[in-house]
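Have the sequence and the structure open as you read.

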Amino acid sequence: MRHRAVRDTLDVIGGKWKIIILTVLRERNMQFNALCREIGISPRIPTRELRDLEINQRVSRTEQDTRPVTLVYAATPPRRHPGAPHCRAGRLGLPTLRGPERQPSRK
């Protein structure tokens, strides 16, 4: 039974970009173009990924009354808890950002 839950989770957040998008949106709400620049990808990819995340209620989209229309995306509140899979995945990558741990020199 548990494997079905894992499979369903991977269907929702699977793929290279969905976890990155959720991680960025968890930190702050972003306009579509700012999100593309933050992640460093062309607009085609997040369009598809955001649509899937919105269908699965992991992301909300707000249209602002501007010309042209501005779209603002946010992670949905129930998914912002620290135990979410994309949060744990981000913690796994932190050591690579900090560089190798250095041992104190022995003299």
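| Residue | Relative accessible area |
|---|---|
| Phe32 | 17% |
| Tyr73 | 6% |
| Lys18 | 6% |

This is a predicted model, where local features need pLDDT of at least 70 and side-chain atom pairs count only at pLDDT 80 or more, while totals for chains, interfaces and linings use all residues. Residues are numbered from 1 along each chain as its sequence is written, and side-chain values use heavy atoms, leaving out hydrogens and water.

Now the rings. Phe, Tyr and Trp rings (for Trp, the six-membered one) pair if their centres lie within 6.5 Å; planes under 30 degrees apart are stacked, over 60 edge-to-face, the rest tilted. That gives one aromatic pair: Phe32 and Tyr73, tilted, with 6.4 Å between centres and 55 degrees between planes. Phe32 sits in helix H3 (residues 32-39) and Tyr73 in strand S3 (residues 70-75), 41 residues apart. Helices (H or I, at least four residues) and strands (E, at least two) are DSSP runs, numbered from the N terminus.

On to Lys18, which lies in helix H2. Lys18 touches Asp11, Val12, Ile13, Glu49, Asp52 and Leu53, not counting residues up to four places away in sequence; touching means heavy atoms within 4.5 Å.

Definitions and conventions: Buried < 20%, exposed > 50% of the residue type's maximum accessible area, 1.4 Å probe, protein only.
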